4 protein chains.
Amino acid sequence: MATMMRALCKVRPEPGFVEQEVRVPSIGPTDVLIRIEKAGICGTDYHIYAWDHWAQERVHPPRIIGHEFMGRVVEVGDAVRSVRVGDRVSAEGHIADLTCLLCRTGQAHICERLKIIGVDRDGSFAEYIAMPEYNVWKLDPAISDEFGAIFDPLGNAVHTVMAAGVSTRSVVITGVGSVGLMAIPVARAAGAALVFAIDINPAKLDLARRLGADRAFLATQPGLVDEIRALTNGDGVDVLLEMSGSGAAIDSGLQMVRNGGTAALLGIPSDNVNLNLAERIIFKGLTVLGVNGRLMFETWYQTQALVKSGRIDLRSIITHRLRLDEFEEAFELMRTGAAAKIVLDVTAS
Amino acid sequence: MATMMRALCKVRPEPGFVEQEVRVPSIGPTDVLIRIEKAGICGTDYHIYAWDHWAQERVHPPRIIGHEFMGRVVEVGDAVRSVRVGDRVSAEGHIADLTCLLCRTGQAHICERLKIIGVDRDGSFAEYIAMPEYNVWKLDPAISDEFGAIFDPLGNAVHTVMAAGVSTRSVVITGVGSVGLMAIPVARAAGAALVFAIDINPAKLDLARRLGADRAFLATQPGLVDEIRALTNGDGVDVLLEMSGSGAAIDSGLQMVRNGGTAALLGIPSDNVNLNLAERIIFKGLTVLGVNGRLMFETWYQTQALVKSGRIDLRSIITHRLRLDEFEEAFELMRTGAAAKIVLDVTAS
Amino acid sequence: MATMMRALCKVRPEPGFVEQEVRVPSIGPTDVLIRIEKAGICGTDYHIYAWDHWAQERVHPPRIIGHEFMGRVVEVGDAVRSVRVGDRVSAEGHIADLTCLLCRTGQAHICERLKIIGVDRDGSFAEYIAMPEYNVWKLDPAISDEFGAIFDPLGNAVHTVMAAGVSTRSVVITGVGSVGLMAIPVARAAGAALVFAIDINPAKLDLARRLGADRAFLATQPGLVDEIRALTNGDGVDVLLEMSGSGAAIDSGLQMVRNGGTAALLGIPSDNVNLNLAERIIFKGLTVLGVNGRLMFETWYQTQALVKSGRIDLRSIITHRLRLDEFEEAFELMRTGAAAKIVLDVTAS
Amino acid sequence: MATMMRALCKVRPEPGFVEQEVRVPSIGPTDVLIRIEKAGICGTDYHIYAWDHWAQERVHPPRIIGHEFMGRVVEVGDAVRSVRVGDRVSAEGHIADLTCLLCRTGQAHICERLKIIGVDRDGSFAEYIAMPEYNVWKLDPAISDEFGAIFDPLGNAVHTVMAAGVSTRSVVITGVGSVGLMAIPVARAAGAALVFAIDINPAKLDLARRLGADRAFLATQPGLVDEIRALTNGDGVDVLLEMSGSGAAIDSGLQMVRNGGTAALLGIPSDNVNLNLAERIIFKGLTVLGVNGRLMFETWYQTQALVKSGRIDLRSIITHRLRLDEFEEAFELMRTGAAAKIVLDVTAS
């Protein structure tokens with residue numbers, strides 16, 4: 001077994017990452033060591049790369065970044081029972097304490113003591129990662145390496161879609177970054193009868209249409225709330241999937257939902273949001289759902305079912321494939337918004 | 001306005017129908033008179049035609065038969081507010097009292113005092129029918145006459161699929177008569193990741209495959225329960241949609257469902273069913289749902305959403321189109337099982 | 001039948017009401033005329049009396065005020081089937097159009113074209129009121145006149161409690177005005193294992209304790225969020241019932257709810273509320289429910305079940321009983337907060 | 001640490017138990033060793049004692065019997081993190097594999113590979129028991145030893161009540177053995193507005209009344225279905241909790257439920273049940289729930305909430321307290337039906 005490995009690290013509290021040699025992590029009795037093959041890049045990684053206000057508050061260098069990946073198990077702890085060396089796996093990157101009320105009642109994804117790989121502990125932009133057995137997800141042979149590497153963000157989309165419940169319903173997605181884009185085929189495969197996408201970036205709207213959005217709109221279009229209502233018999237859509245984190249999108253998105261409808265909020269506003277709760281939520285009898293992470297592991301099974309059955313095809317989501325040492329190019333693509341999803345090949349050099 | 005009309009009647013307690021001239025029905029202040037254009041034939045109509053045991057108990061001649069239809073409103077009662085002369089409509093054929101606990105809490109479809117058109121009061125194999133305003137469903141212009149005429153059985157399929165909840169799930173449909181066949185594209189459109197069809201009729205299985213079943217099986221195939229489990233990673237399917245009414249199908253269908261799964265029962269067994277409740281339901285922690293009719297009118301909105309969006313295409317379901325006076329041929333097709341859905345053109349002659 | 005009646009009217013756009021003689025309302029074919037016996041006074045009535053900003057925007061004089069009442073049916077329209085002269089009744093004061101998507105799918109309480117008696121059309125501080133048959137609720141003989149007169153606000157409490165789901169759960173109620181106070185015995189009867197009440201008025205907190213709150217707290221108490229969490233094993237309560245409409249209460253109430261918990265919002269903020277959606281709702285995976293009115297008529301059946309079974313006793317809620325002509329005294333009691341619920345005897349003089 | 005301990009064993013395939021000295025069990029890295037203080041006797045234990053057909057099929061001697069208990073942790077495995085020596089605990093006696101679809105999606109209670117202590121592996125009628133850390137439940141200091149010892153059967157009652165949902169509803173409990181009896185105060189505390197108990201044993205009906213049943217009926221009373229409907233305004237009850245396992249009780253219980261109601265089945269029929277599915281379930285639109293074990297660990301939290309809050313008082317459920325060596329007397333009490341719940345003091349001698 002190698003003792004040193006290559007990894008992308010945030011080494012100091014400043015913008016950028018450094019590719020360097022670090023020690024291969026060691027594992028405890030209930031852990032698994034995984035040799036990473038492919039890793040996805042998430043907007044969160046870009047925030048850490050750019051070292052924005054959130055990242056400065058949350059991330060404590062030195063830290064290996066990255067949380068979307070797949071690879072092969074190369075070592076298992078003594079008490080590990082369900083995972084074997086050689087297993088082809090992805091993993092849930094939110095590590096819960098498994099002992100609290102929430103973890104003991106099927107809500108480990110909102111455990112108050114969650115540690116996130118690539119943020120609170122070392123992550124997946126590296127040749128190896130140590131993960132608790134509990135978090136490991138064995139990949140079905142019918143699922144490709146690339147799709148396996150992005151089960152994490154795809155799972156965000158699936159979690160949000162399934163929390164809202166879209167079967168036979170009309171849906172607006174506000175914000176079609178990579179998770180919002182994935183939510184389009186997911187919502188269609190999960191039964192949505194009508195899917196509208198809204199964003200401020202025309203290029204994303206084109207991609208939204210290609211991925212199956214029935215209509216796609218610029219968020220800045222005048223009268224958009226009225227147009228969405230007109231397209232839904234004057235009632236408004238049944239479901240809002242909010243994936244932008246923009247206060248303005250939340251406010252207008254809530255206006256687009258019909259009385260009695262559902263709004264699932266996944267996007268994270270960076271500031272407080274000023275809302276007319278009376279008109280937007282209370283009088284309308286709305287159900288508003290905060291969505292975080294992925295249900296362990298109901299979301300993973302749902303994601304697997306959708307991908308394995310061929311009901312969703314993720315190929316057009318993955319717009320770029322790069323090597324680990326091409327990370328500067330990757331983050332430049334993230335910065336310009338030119339990429340939907342970038343997958344790094346960690347084994348290539 | 002005409003005072004007499006043609007209608008298919010059960011005139012005496014014996015097999016067969018008679019086409020005859022009868023009076024056009026009169027309407028009360030909250031009723032609507034509809035000129036029927038197209039009418040679907042249901043298995044129930046065949047039971048009444050053939051005058052089986054159930055029909056002898058339930059139907060009291062003389063009675064006009066039929067309950068699936070679309071047409072145009074030609075007259076409205078004084079207190080009618082939401083329907084106008086000229087409206088193109090279908091209608092919910094289950095007429096509830098609207099005053100009981102069930103009707104007052106959104107469960108009118110299981111009102112204890114339901115009257116069914118074509119069974120308990122005069123039906124739709126006629127040039128005109130009187131319906132309460134409450135039961136009338138205005139057809140969206142995007143929906144064809146033929147599809148509008150079969151919203152009733154399609155609604156049975158939608159009600160069953162939506163009651164069970166199929167989004168991202170694996171589904172077995174036992175019994176693919178016309179409603180079971182419709183349930184295949186409905187389940188797929190509503191988000192099912194995997195749909196298996198089972199029947200005793202190979203011709204229906206061919207149709208099931210064409211309508212989108214991932215796999216279709218003869219009910220008599222040895223080891224079928226094991227095969228279904230093998231196809232679902234050894235767990236069993238998430239959902240059973242029981243549409244045969246066969247005790248044997250119910251028993252084996254329940255065995256095919258995974259622990260914690262859902263079984264929605266729409267098919268009506270003609271006799272008692274002998275079940276190992278401990279093994280089939282209790283230890284498995286199953287949810288078993290009795291399904292009857294259509295939710296008024298949530299099912300109708302869901303059905304409209306699926307058809308209007310193009311998510312389901314019913315053309316291959318409608319296998320035969322005949323005139324009202326060709327009813328003998330129609331019921332012969334019903335008898336032999338050669339037809340999926342037959343639509344009668346009531347205006348043609 | 002009398003042709004004139006006494007009524008409390010807002011006659012001009014200014015504070016106060018005038019008791020005057022007006023014509024007894026006439027009824028249409030689907031309406032019912034009710035002789036009012038007892039009427040409850042709601043905070044909304046006080047807003048109209050005081051003629052605050054909301055009232056000036058919403059209410060168009062001349063208007064008879066009041067929406068909580070019981071009485072006896074004295075006349076029914078020609079098409080009325082389920083109500084008879086002599087029936088002892090209360091009524092749902094939100095009059096829906098009964099023809100829209102919401103009304104046709106069991107959500108008439110959030111119909112976009114709701115008219116509210118005593119606000120948008122004439123109300124119940126009068127000797128007679130005309131109501132649609134659909135809105136009339138026949139009172140069970142086991143329920144007293146006084147309790148029957150306040151089924152409307154009690155129904156608000158029941159609707160909120162049942163929407164959130166409190167069975168075996170811990171509950172915080174923020175704001176114990178008359179509906180918040182009623183929510184205490186309702187939550188306990190509906191199964192809450194722990195009920196905390198919070199208000200800015202110490203007198204209300206005393207009443208809250210007498211009505212069954214396990215603990216009652218001043219909203220201004222330092223460290224209250226921490227104390228509530230400490231009382232719930234560090235997790236926070238399962239359920240927030242927000243009945244104050246205060247932005248500060250909403251913000252701190254959301255902090256008191258555990259991750260994965262439920263917040264039902266009934267209180268109406270008069271201004272926008274500035275919220276940290278990320279921390280209060282999204283990361284916590286909260287379910288936030290807007291609650292309005294009462295489910296027609298599931299809430300009424302639930303309310304009846306609770307009152308009739310004796311599981312809740314409303315006697316200590318009704319703090320004052322006055323005649324219609326003592327309305328000035330009543331609204332002075334409302335102004336000072338000295339009253340929980342005041343019931344007017346409309347037949348006395 | 002002791003190496004030998006006293007235990008009640010089924011030593012041979014024949015009726016009766018033998019109290020004997022056996023080795024204290026050893027533990028693995030994720031296990032906990034508990035010194036048992038109090039243990040409850042369940043009807044299942046009596047079946048094994050009497051060596052009925054079910055027991056002969058399921059239990060393979062030699063086996064230590066018993067599955068309801070509380071005690072103190074005396075040793076923990078190397079990988080145990082959340083339990084410490086000295087902790088006062090009860091435990092979930094159903095040991096799931098924790099790796100299958102069901103265990104990974106919050107349904108470990110219906111894992112297909114469940115092992116039950118006292119049935120499939122050694123149980124709690126002994127001085128020590130080894131349990132996986134995952135199954136251990138730390139007892140709140142506010143909960144007495146005796147109540148802690150019967151969290152398992154109480155949890156069956158809570159699971160069934162909460163699965164059905166009783167808040168504001170009317171409930172029939174068929175079969176008031178010890179779990180059925182516990183279900184009475186549980187249903188009331190969980191919000192049931194009306195609770196009816198039915199049994200064939202008049203002594204149990206007396207106890208049912210003392211525990212809070214609004215009415216209690218002999219199952220053999222003529223016209224009982226009609227009487228239950230008459231007591232519920234002609235509609236039938238909202239909820240059936242079936243705890244007898246009797247086919248006749250299931251059939252009549254289903255008749256007592258209103259259309260659209262819920263039936264939760266916990267009692268285990270020893271034979272097939274012959275049911276008119278059309279009339280009992282399908283036309284009625286019933287929801288039938290198979291209930292097994294306890295949700296891990298939502299049911300345990302709910303049970304704790306109910307007991308700790310004082311909403312239910314179990315003292316009158318525990319009718320007998322005996323020493324381990326008085327087991328013959330205990331099982332004689334079980335045989336005659338004279339006992340509700342018997343708790344053995346394992347430390348006494």
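**Two helices in chain B, and beyond**

Guide: Let's begin in chain B, where B:Gly43, B:Asp45, B:Tyr46 and B:Tyr49 of α1(B) touch B:Phe327, B:Glu328, B:Phe331, B:Met334 and B:Arg335 of α11(B); contact means heavy atoms within 4.5 Å. Sorted by class, the residues of this contact are five nonpolar, one polar and three charged (Ala, Val, Leu, Ile, Met, Phe, Trp, Tyr, Cys and Pro count as nonpolar, Asp, Glu, Lys and Arg as charged, and the others, Gly among them, as polar). Please keep in mind that this is a predicted model, in which local features need pLDDT of at least 70 and side-chain atom pairs pLDDT 80 or more, while totals for chains, interfaces and linings use all residues. Residues are numbered from 1 along each chain as its sequence is written, chains are lettered from A and ligands numbered from 1 in the order written, and side-chain values use heavy atoms, without hydrogens and water.

Helix α1 covers residues 43–50 and α11 residues 327–336, and their axes lie 10 Å apart at an angle of about 105°. Helices here are DSSP runs (H or I, at least four residues), numbered from the N terminus, and axes are lines fitted to C-alpha atoms over the stretch in contact, with angles from 0 to 180 degrees between N-to-C directions. The pair α1(B) and α11(B) is therefore roughly perpendicular, a label for angles of 65 to 115 degrees.

The whole structure holds three cavities of 30 Å³ or more; a cavity is a set of points on a 1 Å grid where a 1.4 Å probe fits but cannot get out, and lining residues have an atom within 4 Å of a point.

Back at chains A and C, 36 residues of chain C contact 36 of chain A. Together they bury about 3100 Å², 57% of it on carbon and sulfur atoms; buried area is the accessible area (1.4 Å probe) lost on being put together, summed over both parts.

Definitions and conventions
On a 1 Å grid over the protein atoms alone, a cavity is a set of points where a 1.4 Å probe fits but cannot get out, and a pocket is an open set with protein on both sides within 12 Å along at least five of seven lines; lining residues have an atom within 4 Å of a point. Grid points are joined across faces, edges and corners, and a volume is the space filled by probe spheres set on the points. Angles under 35 degrees count as roughly parallel, over 145 as roughly antiparallel, 65 to 115 as roughly perpendicular and the rest as oblique. Buried area is the accessible area (1.4 Å probe) that two parts lose on being put together, summed over both.
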